[in-house]
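Dear colleague,

I am handing over the structure that you will find just below, together with an account of what was found in it. Please read the notes with the structure open beside you.

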Amino acid sequence: MKILVCMKQVPQKDAPLKLNDTGTWIREDVAYEVNEPDAYALEEALRQREKHKGEVVVITSGPARAQQVLREALAKGADRAIHLEDEKFVGLDAFNTAKALAAAIKDEPFDLIFTGLQSDDYGYAQTGVILADLLGWPHATIIMQIEKTDSGIRVKRELEAGFFQFVDMPLPAVLTIQSGINKLRYATLIGIKQAKNKPLRKVTLGEVLSAIGENLQKIERLYVPQKTKKTEVIEGPPAEVAKKLVDKLRNELQVL
Amino acid sequence: MSDTILVVVEQREGKLNRVSWETIAAGQAVAGATGWTVEAAVAGSGISSAANEIAAKKVARVYAIEAPRLEPYTPDAFASALKQFLTTKQPKLVLMPHTYQVRDFIPKLATAMGRAVISDCIGFKYESGKPHFTRQMFQGKLVADVSFSSDPPWFATFQNGAFRGDQAEAGTAAAPVETVRVEIADGVVRNKPKEVFKEVKQAVDLTQAEIIVSVGRGIKEQKNIEMAKQLADVLGGELAASRPICDSGWLPMDRQVGSSGQTVAPKLYFALGISGAIQHIVGMKGSRAIIAVNKDSEAPIFEIADYAVVGNLFDIVPPLIEEVKKTKAGG
């Protein structure tokens with residue numbers, strides 16, 4: 001199986017974020033890491049290759065810093081990487097990001113494309129599904145298990161409220177992967193060494209420009225959420241706090 | 001003809017998903033700001049009772065989009081049916097709840113129509129004749145006002161709890177229900193879904209709970225969960241937890257609230273020893289009321305709490321359980 005894994009570099013979870021001068025994006029001088037669900041998508045691709053042979057290719061779009069994500073993926077065992085390198089890729093909406101990705105891989109016959117189920121920065125949860133539609137492929141989202149079958153694959157979708165569902169689907173297909181589908185591996189020392197010699201193809205903005213258009217949605221304003229709630233502090237010794245809380249439960253919240 | 005907001009509600013096996021009322025309320029709020037007309041649609045097979053239920057709300061019209069191939073759900077069938085319908089109707093704005101099912105097909109539907117979706121919104125503003133949708137970014141650390149730069153129809157989804165379902169206004173008379181039959185051609189549906197199942201026995205649907213008592217790292221040890229369970233029991237609520245508690249195996253995964261667990265909006269959310277990492281807050285900030293007990297006065301959970309108790313939960317919860325029992329006994 002030939003699998004493409006779409007990965008994204010996002011600000012670290014606990015990184016303090018500052019707004020840029022125009023208040024439309026963050027200042028880029030923060031620490032970055034791989035988007036968590038994308039790491040699980042890569043792991044799943046590596047496991048599928050171990051079972052069924054084939055190739056794992058990783059792709060990202062973003063400025064030079066984003067190459068780190070690809071280097072880590074190569075060190076963990078991906079065979080080669082594609083980097084759509086330009087800082088303008090950061091500002092693309094999900095529709096255009098998917099179009100750029102589709103343009104960059106148009107000559108490559110993949111069996112499967114994995115993405116994380118959503119990104120920790122924009123959180124659109126859309127790019128993978130859009131990519132599937134652009135390619136004319138079927139897709140399934142929030143995947144917790146993948147098995148090869150005679151006619152394609154059987155995947156396990158996570159539904160809400162503890163429900164799951166198996167879905168049979170043909171290949172090629174796009175799957176968005178849920179965190180926790182597997183246990184992540186660490187890169188080995190030898191893997192890190194080998195990664196340096198693995199192929200990394202760079203794609204410029206110019207090469208995919210004809211495929212993308214104006215963004216269909218625009219961030220007008222980015223800001224720190226305002227505290228809208230008035231918090232009442234309940235103080236006193238425990239027995240008194242308990243009495244006060246019961247009074248709130250009964251008279252203000254009317255749940256008792 | 002006035003501009004239309006089409007609310008596409010969600011049903012499973014003919015039964016409306018409760019979150020649908022929130023999206024109706026959202027549509028009504030947008031209509032209030034813009035003067036546009038709200039209509040509703042439900043797609044599936046054998047959905048007339050769901051359509052009639054929606055028609056009791058203050059909407060101009062309800063469309064029951066019917067095709068045998070819409071059951072069971074597949075993204076191919078839903079995108080195909082709704083594209084046909086929307087291409088004919090041309091609403092200005094299409095609203096849906098941000099459920100797992102909608103996430104599965106709405107990007108495909110919008111892409112097939114050359115449009116974008118502003119997903120997982122928490123609010124709406126109408127500024128100088130332009131709709132702005134508020135959505136969280138960077139896991140809720142920041143929020144953005146986002147506008148459409150394409151032609152309509154515009155697509156937006158609302159986060160569970162962004163609007164209150166009980167505020168969906170009822171109509172003075174039942175809205176007319178129109179059945180729209182769509183054709184889904186052979187070969188359109190490529191996925192073959194199997195039966196929906198639950199992995200964990202007694203799996204709990206926290207989204208339906210009115211009262212939730214939730215524990216975080218502050219509970220310290222697995223044996224202390226029992227105390228929180230007692231509080232949940234006397235309050236008639238469900239027990240839930242933040243991710244670290246479920247990752248440790250102290251409670252099953254289906255009791256997890258947060259971005260990787262369930263998103264809840266109960267009447268009361270009782271947070272015990274939960275610091276309020278954003279991954280947790282996105283899953284419960286829509287709660288009607290939040291009581292937080294934490295010994296760290298700087299804990300971010302207090303930012304969104306209605307009632308804050310700064311103190312040791314092991315001191316506070318036992319007398320609280322007794323006090324609730326007394327009150328319920330008529331004391």
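**Where the chains meet**

In the contact between the two chains, 64 residues of chain A meet 70 residues of chain B. Please keep in mind throughout that this is a predicted model. On the side of chain A that touches chain B, the elements giving two or more residues are α4 (127-135), β7 (139-148), β9 (163-169), β12 (217-223), β13 (232-233) and α7 (238-252) of chain A. Of these, α7(A) supplies the largest share, with nine residues.

**A sheet with strands from both chains**

Strand β12(A) pairs with β9 (residues 142-148) of chain B in the antiparallel sense, and six bridges join the two. Within this pairing, A:I219 has B:V146 in β9(B) opposite it. The pair belongs to an open sheet of 10 strands with mixed pairing, whose order is β12(A)-β9(B)-β8(B)-β7(B)-β10(B)-β6(B)-β1(B)-β4(B)-β5(B)-β11(B). At its edges stand β12 of chain A and β11 of chain B, each of which pairs on one side only. On average, and ignoring direction, neighbouring strands of this sheet are turned by 35° against each other.

Further along the sheet, β7 (residues 117-127) of chain B runs parallel to β10(B), to which three bridges join it, and B:V117 has B:F155 in β10(B) as its bridge partner. Helix α4 (residues 100-112) of chain B lies across β6 (93-97), β7 and β10 of chain B, and its direction makes an angle of about 170° with β10(B).

**Strands and helices of chain A**

In chain A, β7(A) has partners of both kinds, for it runs parallel to β10 (residues 173-177) of chain A, with three bridges, and antiparallel to β8 (residues 153-158) of chain A, with five bridges. A:H139 stands opposite A:V174 in β10(A), while A:E147 has A:R154 in β8(A) as its bridge partner. With four residues between them, β7(A) and β8(A) form a hairpin.

Helix α4(A), which is among the elements on the side that touches chain B, also packs against α3 (residues 94-104) of chain A, at an angle of about 50° and with the axes 9 Å apart. The two helices, α3(A) and α4(A), are therefore oblique to each other, and α3(A) passes α4(A) in a right-handed crossing. From α3(A), the residues A:A94, A:F95, A:T97, A:A98, A:K99, A:L101 and A:A102 meet A:T127, A:I130, A:L131, A:L134 and A:L135 in α4(A). The residues of this contact divide into nine nonpolar, two polar and one charged.

Leaving aside residues up to four places away in sequence, B:A168 touches B:W21, B:I24, B:A25, B:Q28 and B:K57. From B:A168 to B:A329 there are 161 residues in sequence and, C-alpha to C-alpha, 35 Å in space.

With kind regards

Key:
Residues are numbered from 1 along each chain as its sequence is written. Chains are lettered from A and ligands numbered from 1 in the order in which they are written. This is a predicted model: local features need pLDDT of at least 70, side-chain atom pairs count only at pLDDT 80 or more; totals for chains, interfaces and linings use all residues. Two residues are in contact if their C-beta atoms, placed from the backbone, lie within 7 Å. Two strands pair if DSSP finds at least two bridges between them. Axes are lines fitted to C-alpha atoms, for helices over the stretch in contact, and angles run from 0 to 180 degrees between N-to-C directions. Angles under 35 degrees count as roughly parallel, over 145 as roughly antiparallel, 65 to 115 as roughly perpendicular and the rest as oblique. A crossing is left-handed if the near helix is turned anticlockwise from the far one by less than a right angle, and right-handed if clockwise. Ala, Val, Leu, Ile, Met, Phe, Trp, Tyr, Cys and Pro count as nonpolar, Asp, Glu, Lys and Arg as charged, and the others, Gly among them, as polar.
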